Every structure is written in structure tokens, then in C-alpha cells.
Amino acid sequence: MAFPHLQQPSFLLASLKADSINKPFAQRCQDLVKVIEDFPAKELHAVFPWLVESIFGSLDGVLVGWNLRCLQGRVNPVEYSTAMEFLDPRAL
């Protein structure tokens, strides 16, 4: 994903939503890390509610998010380590 400098927050959010459907899990995590590192908090303000819901699911249970509860290192070690690395507070 190319990130032109100072994108409109709505365009950034639309791009992330489209990527969440079209890209593999590891690529989505890498793109999210890049977005979080490259964009100022003011632009990310519109992205964070969607990001939290897409990772952890919705409060009403309609969206399961990344289904972290069922993610196991023995079953899918690559996806598990990718998710743990993304969620590690020391990684950023």
C-alpha cells in the first residue's frame, strides 16, 4: 500500500478497510504497523475505532475481529507469531 503524505483520514480508513478484505493477514499487520508509525495521531484518530473493532471484534458480537481467542501457536504458528508481534507493546 502506498501512503501519500497527508492523506485524508477518510481515504486512509477506506484504504485500510479494503486491504483488510484483500490482503493476507501478515501483510495487513505489516501495513498497519507502517500506518501507525508514519501518520500523526490526528490522522489516525478516525482509524483507531475501526482498528480496535477489526482486531478485537464488536461489542455486540457481530464482528469477531481476528478471533484472537481461537488463535493458537501449535495450530497456526505463523499467524500466531504475526499477531503476537503486532500486539506486542515493545514492538513499536
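These legends go with several close-up views of a predicted model.

The model is predicted, so local features need pLDDT of at least 70 and side-chain atom pairs count only at pLDDT 80 or more, while totals for chains, interfaces and linings use all residues. Residues are numbered from 1 along each chain as its sequence is written, and side-chain values use heavy atoms, with hydrogens and water left out.

**View 1**
Start at the N terminus and the elements read α-α-α-α-α. Helices (H or I, at least four residues) and strands (E, at least two) are DSSP runs, numbered from the N terminus. Of the 92 residues here, 29% count as buried; buried means under 20% relative accessible area, exposed means over 50%, and partly exposed is in between (1.4 Å probe, protein chains only). Take the contacts between residues at least 6 apart in sequence: 49% of them join residues at least 24 apart. A contact means heavy atoms within 4.5 Å.

**View 2. Helices α2 and α5 pack at an angle of about 10 degrees.**
Their axes are 10 Å apart. An axis is a line fitted to C-alpha atoms, for helices over the stretch in contact, and angles run from 0 to 180 degrees between N-to-C directions. On the α2 side you'll find F25, A26, C29, L32, V33 and I36, which meet E79, T82, A83 and F86 in α5. By class, that contact has 8 nonpolar, 1 polar and 1 charged residues. Ala, Val, Leu, Ile, Met, Phe, Trp, Tyr, Cys and Pro count as nonpolar, Asp, Glu, Lys and Arg as charged, and the others, Gly among them, as polar.

**View 3. V33 sits in helix α2.**
V33 counts as partly exposed, at 23% relative accessibility. Although V33 and F86 are 53 residues apart in sequence, their C-alpha atoms are 7.4 Å apart in space.

**View 4. The largest pocket has a volume of about 250 Å³.**
On a 1 Å grid over the protein atoms alone, a pocket is an open set of points with protein on both sides within 12 Å along at least five of seven lines, whereas a cavity is a set where a 1.4 Å probe fits but cannot get out; lining residues have an atom within 4 Å of a point. Grid points are joined across faces, edges and corners, and the volume is the space filled by probe spheres set on the points. This pocket is lined by 14 residues, with S20, R28, W50, S54 and W66 nearest its centre. Helices α1 (9-22), α2 (25-38) and α4 (48-56) each supply at least two lining residues, and α4 gives the most, with 4. The lining divides into 7 nonpolar, 3 polar and 4 charged residues.

**View 5. Y80 lies in helix α5 (residues 77-87).**
Y80 counts as partly exposed, at 33% relative accessibility. Leave aside its neighbours within four places in sequence, and Y80 is in contact with L71, Q72 and G73. From C-alpha to C-alpha, Y80 and L68 are 8.7 Å apart, and Y80 and C70 are 9.9 Å apart.

**View 6. N67 and C70 are both in the loop between α4 and α5.**
Most residues other than glycine have a negative phi. The phi of N67, however, is positive, near 55 degrees. N67 counts as partly exposed at 37% relative accessibility, whereas C70 is exposed, with a relative accessible area of 52%.
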